[in-house]
Amino acid sequence: YNQALLISIAITDSISQARTLVGIGNVFINWKYYDKAAEHYAEGLKIFEKRKNHKGMAHANVGLGNVNLCLNKFNKAIEFQSKALQLYKKANYPNGVALALLNTAEAYSESNNQEKAIQLYKKALSITKELNDKIRTNLIIQQIGNTYYYTGEYNKAIEYYNESLCMAKEIKYPKIEIRVYY
């Protein structure tokens, strides 16, 4: 990423520079260096804003939302994910819309608003089904099951876990199948 950043700066390709900054932010968030991640996402966001690149702005907002989720700043996480959602809609990018809904749902779930989380998970689920994205669909089904489990609605949780398990076997994806069992 550092090499890509240097090249994009040298050739004055601001969009590549912004994408690279967001990519570096992703690395830092995975390493749990949240301040550094936020710094890179914010820097990428500024460039995307100058270029009015809605999809890029959305990606950077997703990253900032994820940083805040990791820091248990749920309201800020929801705020950034909501911005990302609107930007993905403006960019007509349904994969991004599903991602922002999924991330927003997770923030609501972590803040103990399970009802809102389920509502958003189901919206994301309908999009991933339309896109025929079976892996993400399956992961969302699991999240809905988990959320029902957290609310004590065990029968509904089991329904979603069983649906996820059947789908995982159908698409022959054992990593997802394993997740259902824990």
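## The overall layout

Since the model is predicted, local features need pLDDT of at least 70 and side-chain atom pairs count only at pLDDT 80 or more, while totals for chains, interfaces and linings use all residues. Residues are numbered from 1 along each chain as its sequence is written, and side-chain values use heavy atoms, with hydrogens and water left out.

Of the 182 residues in the chain, 46% are buried. Here buried means under 20% relative accessible area, exposed means over 50%, and partly exposed is in between (1.4 Å probe, protein chains only). The chain exposes about 10300 Å², and carbon and sulfur atoms supply 51% of that; accessible areas come from the Shrake-Rupley method with a 1.4 Å probe, and for residues only the protein chains shown count as cover. Among contacts with a separation of 6 or more, 45% are between residues 24 or more positions apart, where contact means heavy atoms within 4.5 Å.

## Inside the core

The largest nonpolar core has 51 residues, and those with the most contacts inside it are Tyr41, Tyr88, Leu101, Tyr121, Ile140 and Ile144. Two or more residues come from each of these elements: H2 (14-30), H3 (34-50), H4 (54-70), H5 (74-90), H6 (94-110), H7 (114-130), H8 and H9 (154-170). A nonpolar core is a set of buried Ala, Val, Leu, Ile, Met, Phe, Trp, Tyr and Cys residues joined through side-chain atoms within 4.5 Å.

Leaving aside residues up to four places away in sequence, Tyr121 touches Leu102, Ala105, Glu106, Ser109, Ile140, Gln143, Ile144 and Thr147. Glu106 belongs to helix H6 and is partly exposed, at 31% relative accessibility. Glu106 and Tyr121 are 15 residues apart in sequence, yet 8.3 Å apart in space, C-alpha to C-alpha.

H8 has 17 residues and reaches 24 Å from its first C-alpha to its last, close to the 24 Å expected at 1.5 Å a residue (the expected span is 1.5 Å times one less than the number of residues). Its buried residues include Thr137, Ile140, Ile144 and Tyr148. Just after H8, Gly152 takes a positive phi of about 85°.

Tyr149 is also found in H8 (residues 134-150), but is partly exposed, with a relative accessible area of 45%. Together with Tyr150 and Tyr154, Tyr149 forms a nonpolar patch on the surface, with about 380 Å² of accessible area in total. Patches are made of residues with over 30% relative accessible area and no salt bridge: like charges are joined within 9 Å, nonpolar side chains (Val, Leu, Ile, Met, Phe, Trp, Tyr) within 5 Å.

## Salt bridges

The structure holds four salt bridges, each a side-chain nitrogen of Lys or Arg within 4 Å of a carboxyl oxygen of Asp or Glu. Lys76, Glu79 and Lys83 are linked in a network of them. Glu79 pairs with Lys76 (3.8 Å, N to O) and with Lys83 (3.8 Å, N to O). Glu79 and Lys83 are about one helical turn apart because they sit four residues from each other in helix H5.

Elsewhere, Lys156 and Glu153 meet in a salt bridge (3.6 Å, N to O). Lys156 is partly exposed at 37%, and Glu153 is partly exposed at 33%.
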